[in-house]
Amino acid sequence: MNEALPALQVLDLRTRYGSREVLKGLNLQVAKGEIFGLLGPNGAGKTTLIRTIAGRIRPVGGAVAIMGRPVSRHSMRRIGLVPQEIALYPHLTAQENLEVFGRLSGLNRSQTQEAVRWAGEAADIEARLGERVEHLSGGWKRRVNIAAAILHRPDLLILDEPTVGVDVDARNGLHEVIKQLSHLGMGVLLATHDLDQAELLCSRVGFLRHGVIAPHGSPRTLIFAAFGNQREIIIELRAAATKPQAEALQRAGFAPSNGNLNWSMMGESNERTVQDLTSALERAGLMTREIRVREPGLDSLFLRLSRDAATAARESEPA
Amino acid sequence: MIGAMLRVMILSLLRDRGALAMAFLLPPTIFVIFAAIFSGATGDEMRLQVALAVAQPSALTERLESALRAEPSLRIMEETFSSEAEAIASVDSGEADVGLILASNLDDTGTAPVLILVDPAKLLAGAILSGQVQRLIGLQMPDLALSRTAPEIASIVGGFTPEQQARLDAAIAELSADDTSVGDTAGLVQTEMTGPERASGATVTYYAGAVAILFLLFSAMQSSATLIEERNSGIVDRVAIGPAGTDVVVMGKFLFLTVQGIIQVILIFAVAALVYRVDILPYLPLWLLTTTAASFAAAGLGLAVASICTSKQQAHTIATFIVLVCSAIGGSMVPRFMMPPWLQDIGWYTPNAWTIEAYHGVLWRGEGLRDIVSDLGWLLTVASMALLVAVLVSRLRLKL
């Protein structure tokens, strides 16, 4: 019966910081075994949402349920929290850290030993259990950081930016660990700015903006809904466009994405697109380093949502 | 380039209120406290609490008592005891800093009619009182000074003639009505130690307790700062969602700091016992009780400071301030009897004063549990209140 219950259910959640309403009727559901990517710009309320789920902030309205139970000291035991910081004791070994957090999560001595063995395997850190955390590399620290949160085998695992500051190999390793944990049946709420990561890992993602999660859905569905069969055409210039050149690019539908060096637009594309575009740009005096056409990703969607929001804000300003 | 660095330092200092307070508020505050202590210690403001005993009052003792009570540098206890034993008890209990016994015949030159009883931990108090008594007799009772000196002169010169004796009597009578000063009075004051006979010095016993509480406070404040590290590193966030909550974090640290404190105090007193022969073993149970209560108080205060402060720098500043001020006015640096009375009164609000008092009571005066129960009670109250603050503020911080 428990399998049918969502790991996390958030209904019409409203929270306030003083007079400022941060979450304005937010709805969210994370099923067991699912990885949900929580995306959004800085200050959108991701941390507030996590703190509310963890019982730290009392909402002014709505409800949060973990495995069907409202937030309480008892239901919170079903949560594993991986903070953005390395929340470990640096002078202790990985094994000692896990033992400490096992006991603090309510396990007895023998249960803790078993949990350390299991979590060590799940996070693939068995080889480093005997090393002090302060001597581990960033990637290994992140793995131990995750292992310390799953010792009590939570139903809901909340990860806050779990791959910040790690190299590509370590990041890929962490992705494998997170996938493995979802396969074990944990519902995973992954707050991240890494849109590639969200696209690769998450079965569903949601953009937290203006106090609600919208849009949300599977990455492919959201991208298709926004762009259909369009492709993203990206121009990388050798030198920044002059003002008339920039105006010309904007008239053609391009938008700058990295100062005046990178320009992109959505459009129909075929095998002649790159060749024709190169010639046209050269005629306009623009030297290109690279022109590429790619399928739009979550980053394209994020960019569009940000631009739409900026446009809406400009239009709503009094003249 | 140097200017740019200078700008960074100035702006950082101005924007870090803790550092700013440390840099500019702490030095004058500490100076005021130490100035008050040491200006008192040189005699300007030091007002010794004196237990006065007069077995058989006479006209002379009454005049001297009036002069003593009028002397602003002394605080003669309200009750004049009628026996030496009562004065000794008052000094031994620490109620009075020093005892003063007046014989009825102050002009008797056969014995020293003024006896000063000194607690060995307060040797300076005896010397100061002795000087004050002789000064007062010289200033206020020159007739007594002369009458005590005359027999010695008479014995040296082979006796006065009746005429000389008459002139001397007239001079003494005149002096008793006059305020004119004559020289010091010899052989008037005798000083005796009170308290038990011990192999060690009272000062060493005093400072073992004084240093113990000083270090307890320092190390508790320093170790408590890990609470701030854990808050900033997310460890508290992680633990807070578990069944333990933040209470376990605070309580666990409280126990650790207490045990760490007890070990530190054991080491200090081990040196005192081995090197300075301070007797501890006969008083072990009460000594351990005092040590535990003092460690509790220091641990509680350390955690309260760490829970209230938002950064390690802030905690460091406030902790340094608290430890220095408490140790200065609580008697860890200079014995409190040497401070002005108002500072002695404030000193009772520090854990140092109560801890030092309890250790001295147990180890020097050989007091029982009943005698030190108020000292321990105060320390345990501080510990409980501070721990409660630490627990509640830590819980509250999770909501912020």
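**Close-up views of a predicted two-chain model****View 1. Val275(B) lies in helix α11 (residues 245-276) of chain B.** Helices here are DSSP runs of H or I with at least four residues, strands are E runs of at least two, and both are numbered from the N terminus. Val275(B) is exposed, at 55% relative accessible area; exposed means over 50%, buried under 20%, and partly exposed in between (1.4 Å probe, protein chains only). Together with Val271(B), Leu274(B) and Tyr276(B), Val275(B) makes a nonpolar surface patch of about 440 Å². Patches are made of residues with over 30% relative accessible area and no salt bridge, joining like charges within 9 Å and nonpolar side chains (Val, Leu, Ile, Met, Phe, Trp, Tyr) within 5 Å. Accessible areas come from the Shrake-Rupley method with a 1.4 Å probe, and for residues only the protein chains shown count as cover.

A word on reading these views: this is a predicted model, in which local features need pLDDT of at least 70 and side-chain atom pairs count only at pLDDT 80 or more, while totals for chains, interfaces and linings use all residues. Residues are numbered from 1 along each chain as its sequence is written, chains are lettered from A and ligands numbered from 1 in the order in which they are written, and side-chain values use heavy atoms, leaving out hydrogens and water.

**View 1. Arg58(A), Arg73(A), Arg77(A) and Lys399(B) gather in a surface patch of positive charge.** Lys and Arg count as positive and Asp and Glu as negative, with His and the chain ends not counted; each charge is placed at NZ of Lys, CZ of Arg, CG of Asp or CD of Glu. Arg73(A) sits in the loop between β5 (69-70) and β6 (79-82) of chain A and is partly exposed, with a relative accessible area of 41%.

**View 2. Phe207(A) and Phe302(A) form a tilted aromatic pair, 5.9 Å centre to centre with 35° between the planes.** Phe207(A) belongs to strand β9 (residues 204-209) and Phe302(A) to helix α10 (residues 298-316) of chain A, so the pair ties together parts 95 residues apart in sequence. Phe207(A) is buried, at 1% relative accessible area. Rings of Phe, Tyr and Trp (its six-membered ring) pair if their centres lie within 6.5 Å, and planes under 30 degrees apart count as stacked, over 60 as edge-to-face and the rest as tilted. The whole structure holds eight aromatic pairs over all chains.

**View 3. Ring pairs link Phe269(B), Trp287(B) and Tyr359(B) into a cluster.**

**View 4. Arg220(A) and Glu295(A) meet in a salt bridge (3.4 Å, N to O).** Arg220(A) is in helix α7 (residues 219-227) and Glu295(A) in the loop between β14 (288-294) and α10 of chain A, 75 residues apart. Both are partly exposed: Arg220(A) has a relative accessible area of 42%, and Glu295(A) has 47%. A salt bridge is a side-chain nitrogen of Lys or Arg within 4 Å of a carboxyl oxygen of Asp or Glu. The count comes to 27 salt bridges over all chains.

**View 5. Arg289(A) forms a salt bridge with Glu236(A), with the closest N and O atoms 3.5 Å apart.** Arg289(A) lies in strand β14 and Glu236(A) in strand β11 (residues 231-237) of chain A, so the pair ties together parts 53 residues apart in sequence. Glu236(A) is partly exposed, at 22% relative accessible area.
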